[in-house]
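Hi,

Here is the structure I promised to pass on. Have a look at it first, and my notes on what turned up follow below.

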Amino acid sequence: RRLLARRLAEFDLVLTPSRYLEGVLRDHGLARVRAMPLGVDVRTFRPQSGARAALRARLGLPRDERLLV
């Protein structure tokens, strides 16, 4: 952990994908760290009821097939 903290301290700024990880790094003594959440705003992007099934049917994708967008 100390080695990682020393290595990260060499950077001008460390970006983390969550506030939690930002806090962990700060607890390890890293000062130049900022959170940049990568999540989706679920208030803006929310599927309509039945939209997922309809799109999968239109694209010919099985219901249990994994899809990476």
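A quick word on terms before the notes: helices (H or I, at least four residues) and strands (E, at least two) are runs from DSSP, counted from the N terminus. Also keep in mind that this is a predicted model.

With that numbering, Leu38 sits in the loop that links strand 2 (33-35) to helix 3 (51-59). Leu38 has 66% relative accessibility, so it counts as exposed. Leu38 also belongs to a nonpolar surface patch of about 420 Å², together with Leu13, Leu15 and Met36.

Now for the charged side chains. Opposite charges can pair when the charged atoms of their side chains come close. How many salt bridges does a search of the whole structure find? The count is three.

- Glu22 pairs with Arg26, with 3.4 Å between the closest N and O atoms. Both belong to helix 2 (residues 19-27) and are four residues apart, about one turn of the helix. Glu22 is buried, because its relative accessible area of 16% is under the 20% cut-off. Arg26, at 36%, is partly exposed.
- Glu10 and Arg7 meet at 3.2 Å, N to O. Glu10 is exposed at 57% relative accessible area, while Arg7 is partly exposed at 49%.
- Arg43 and Asp41 form a salt bridge through their side chains, also with 3.2 Å from N to O. Arg43 counts as exposed at 67% relative accessibility, and Asp41 as partly exposed at 32%.

Cheers

Notes:
Residues are numbered from 1 along each chain as its sequence is written. This is a predicted model: local features need pLDDT of at least 70, side-chain atom pairs count only at pLDDT 80 or more; totals for chains, interfaces and linings use all residues. Side-chain values use heavy atoms; hydrogens and water are left out. Patches are made of residues with over 30% relative accessible area and no salt bridge: like charges are joined within 9 Å, nonpolar side chains (Val, Leu, Ile, Met, Phe, Trp, Tyr) within 5 Å. Accessible areas come from the Shrake-Rupley method with a 1.4 Å probe; for residues, only the protein chains shown count as cover. A salt bridge is a side-chain nitrogen of Lys or Arg within 4 Å of a carboxyl oxygen of Asp or Glu. Buried means under 20% relative accessible area, exposed over 50%, partly exposed in between (1.4 Å probe, protein chains only).
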